[in-house]
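Hi,

Here is the structure I promised to pass on.

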Amino acid sequence: MERYYRRAVAGTWDLRSQIRDWVWFQRDSLRKRDYRALAPTVGVALLVFFLSIVAMRSLFGGSNVDRLQEQEVLPVDVAPAMDVAGAGKQQMGGWRKRNGGVKRQGKKKHIDQELGNVAVLVSLGRSGTSFMSRMLGEVLPGSLFQEFFVLAMEKNAEGRGANLKNLEDVENPAERMLEELRFMRSLRPSRNFFVGGKWKPWVQNDKFRDAVAMVAQRKWPVVLSTRNFLDRFISANRHYNHKDVPFNCIKGSANEKECLEKQRTKVYLNPNRVLQVLEQDTQKMRTMKQWLDEAGATYTITSYESWAFGPVQRRQREIQRVVDFICQDLPNKRHVNASLLENPFFTKGSSKSQPERVLNYVTIMDALQDTKYEILLHRGDSPRDDYQEKLLNYSKP
């Protein structure tokens with residue numbers, strides 16, 4: 001100690017001797033168990049340690065969860081394509097009144113503070129939602145997409161994925177959606193995983209309209225998807241009238257061949273009923289879009305045809321666009337590659353050509369001739385998807 005202070009007073013110390021004497025002083029204090037003398041050194045060490053952590057987080061952006069919570073998930077190239085209207089045009093029932101209305105802001109965050117990454121897929125029954133949710137699961141590994149209101153569901157002839165009476169008896173659809181998403185999140189605790197639900201909008205009343213307002217308020221991204229309404233009705237009719245026909249054939253499964261044979265079953269369609277169903281489907285999807293617009297929801301539009309048919313590169317771009325819309329910076333997100341589309345997990349059993357699926361196709365053609373639904377008729381392997389603009393006034397992204 002005397003040598004240390006003597007050098008300090010004499011001014012003869014250099015940096016090397018200072019460091020050497022400081023180390024000697026600390027070692028001597030530790031040997032003598034003079035912990036009070038060590039306190040300043042320990043304090044300085046802890047301060048340097050925490051400052052280093054702060055500097056590292058600032059430099060590298062923090063943890064994955066922090067980056068997701070701070071990330072503006074809405075990509076620039078998708079924002080102009082969204083068909084979004086301002087909120088607050090009219091009150092939408094109890095939810096909006098209790099929460100003071102849904103206010104639009106300049107930018108949307110897709111990260112729910114309670115539930116993390118959430119998405120909602122809105123589509124009618126037999127419109128390819130199983131294929132689409134499975135595809136999203138491949139691109140977003142570990143994600144979970146289930147049917148909303150599933151406990152009230154029961155198939156009928158129109159392919160409505162729910163018994164109408166049971167759905168109308170759901171007291172609070174908004175709260176029901178939250179409960180089901182919380183359960184899904186409990187199965188996927190990590191916020192690096194997406195959870196989402198498939199919403200079949202067969203019942204449209206004030207309670208379900210309030211649920212749309214809740215979705216908008218929590219800024220969940222919504223994917224509004226359609227399928228050629230005539231193809232959808234053909235598929236729904238076949239599965240309703242032929243209970244043994246599987247909904248999907250899994251590629252490589254033991255019963256794939258038998259499944260494909262059953263899916264080639266032809267159906268008979270009532271011409272008068274066809275027109276009624278096409279009108280109902282059109283109105284349901286128009287109403288859903290109107291509700292999303294009025295609530296100021298964040299949504300994008302796509303179609304089953306743009307995912308499942310046509311050139312691989314075009315399908316690849318469309319799926320990637322939707323994936324980037326619902327999430328942009330998940331650490332486990334995969335890029336949509338061509339091999340995923342060329343080797344699908346579901347094997348197409350029935351022909352894409354309508355005449356090969358409908359026994360009385362000529363009669364159906366005559367019934368739809370010179371009507372606005374004539375656009376839904378096709379004979380080829382690539383169904384048209386321009387029905388969205390002509391029947392629903394949807395604008396393509």
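Let me begin with a charged pair: Arg 209 and Glu 294 form a salt bridge, and their closest N and O atoms are 2.6 Å apart. That pair links distant parts of the chain, since Arg 209 is in helix H9 and Glu 294 is in helix H12 (residues 271-295), 85 residues apart. Both Arg 209 and Glu 294 are buried. Do keep in mind as you read that this is a predicted model.

Helix H12 also holds a pair of its own. Asp 293 and Lys 289 both lie in helix H12, four residues apart, or about one turn of the helix. Their side chains meet in a salt bridge, 3.1 Å from N to O, and both Asp 293 and Lys 289 are buried as well. Elsewhere, salt bridges with shared partners join Asp 112, Glu 114, Glu 175, Arg 182 and Arg 218 into one network.

One more pair to look at is Lys 200 with Glu 147, a salt bridge whose closest N and O atoms are 2.9 Å apart. Lys 200 is in the loop between strand S4 (195-199) and helix H9 (206-217), while Glu 147 is in strand S3 (residues 144-147), so this pair ties together parts that are 53 residues apart in sequence. Are these two buried or exposed? Lys 200 has 7% relative accessibility, so it counts as buried. Glu 147 comes out at 18%, so it counts as buried too. In total, the structure has 16 salt bridges.

Now the cysteines. The structure holds one disulfide, and it joins Cys 249 to Cys 259, with 1.9 Å from S to S. The link of Cys 249 and Cys 259 is left-handed, with -90° about the S-S bond. Cys 249 lies in strand S6 (residues 249-250) and Cys 259 in helix H11 (residues 256-263), so the bond ties together parts that are 10 residues apart in sequence. Both Cys 249 and Cys 259 are buried. Cys 327 is buried too, with a relative accessible area of 1%.

Val 42, Leu 46, Phe 49, Phe 50 and Ile 53 make a nonpolar surface patch of about 480 Å². Ile 53 has its place in helix H3 (residues 35-60).

Cheers

Methods:
Residues numbered from 1 in each chain as written. Predicted model: local features only at pLDDT ≥ 70, side-chain atom pairs only at ≥ 80, totals over all residues. Heavy atoms only, no water. Patch = residues over 30% accessible without salt bridge, like charges linked within 9 Å, V, L, I, M, F, W, Y side chains within 5 Å. Areas by Shrake-Rupley, 256 points an atom, 1.4 Å probe, with all protein chains shown as cover. Salt bridge = Lys/Arg side-chain N within 4 Å of Asp/Glu carboxyl O. Helix = DSSP H or I, 4+ residues; strand = E, 2+ residues; numbered from the N terminus. Disulfide = S-S within 2.5 Å. Buried < 20%, exposed > 50% of the residue type's maximum accessible area, 1.4 Å probe, protein only.
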